[in-house]
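Have the viewer open as you read.

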Amino acid sequence: MALLRSGWLWRQTSVLKRWKLNWCDLWIDGSLCFYKSDNRRELEQRISLKTTCIDVHSGLECGAVTPPENNPKENLIVVLLKDSSTFHLCANSEDDAIAWKLTLLETRRNPVFTYDPYDDSYQAVPLNSYNTVYITPGTGPVFVHQDPFDGVAENLAMGLLAGMAAGAAMRSFLWMPLFFC
């Protein structure tokens with residue numbers, strides 16, 4: 001799996017709203033990993049941006065977020081997540097913040113590739129509402145596929161059968177007045 005970007009970022013904690021410096025790795029599968037140091041031994045948090053990220057703001061777009069001390073507001077990065085929560089980061093410079101923002105946005109749009117050792121080829125996996133991909137660095141991908149038309153044939157057959165039964169029953173009721181005449 002390819003590493004798209006890595007480096008030091010300030011991250012605001014969710015409970016006490018304190019800023020702490022973390023080493024960050026952004027993988028091509030959309031995993032944003034936070035470590036205590038650059039040796040990557042102690043994983044603190046992992047966020048899957050492919051499935052949870054809505055948008056990314058940087059600099060003055062971040063609104064009322066206050067950056068850590070000795071950092072200007074132009075270094076801020078705010079990641080908006082699907083569960084209506086936000087994730088606050090701060091880079092070391094404005095250029096670094098813009099580069100992180102563009103890489104984070106690019107990660108959302110990148111397709112996920114899987115390697116087929118039998119064909120010696122890579123295949124893109126489309127991500128849509130019916131195809132979910134779970135990928136963890138160091139392990140292989142696990143695909144969960146739900147067919148959008150799963151169960152349609154059974155429902156159609158039951159509907160046709162119920163319609164024929166109702167039609168047969170109604171037909172016998174229509175002929176009943178002639179028997180009484």
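Cys90 counts as buried because its relative accessibility is 0%, where buried means under 20% relative accessible area, exposed over 50% and partly exposed in between (1.4 Å probe, protein chains only). Keep in mind that this is a predicted model, with local features needing pLDDT of at least 70, side-chain atom pairs counting only at pLDDT 80 or more, and totals for chains, interfaces and linings using all residues. Residues are numbered from 1 along each chain as its sequence is written, and side-chain values use heavy atoms, with hydrogens and water left out.

| Residue | Relative accessibility | Class |
|---|---|---|
| Cys90 | 0% | buried |
| Cys53 | 8% | buried |
| Ser6 | 30% | partly exposed |

How many disulfides does the count come to? It comes to 0, taking a disulfide as a pair of cysteine sulfur atoms within 2.5 Å.

Now for the cores. A nonpolar core here is a set of buried Ala, Val, Leu, Ile, Met, Phe, Trp, Tyr and Cys residues joined through side-chain atoms within 4.5 Å. The largest one holds 19 residues, and the members touching the most others are Leu32, Leu49, Ile77, Val79, Leu89 and Leu104. The top contributor is α2, with 4 residues. There's also a second, separate core of 6 residues, with Cys62, Val65, Val78 and Cys90 among them.

Leaving out residues up to four places away in sequence, Val79 touches Leu49, Cys53, Asp55, Ser85, Thr86, Phe87, Leu89 and Leu104, with contact meaning heavy atoms within 4.5 Å.

Over at strand β1 (residues 3-12) you'll find Ser6. Ser6 and Trp100 are 94 residues apart along the chain, yet their C-alpha atoms are separated by 9.1 Å.

Zooming out, the protein has 3 helices and 11 strands, taken as DSSP runs (H or I, at least four residues, for helices; E, at least two, for strands) numbered from the N terminus. Along the sequence the pattern reads β-β-β-β-α-β-β-β-α-β-β-β-β-α. Of the 181 residues, 30% count as buried.
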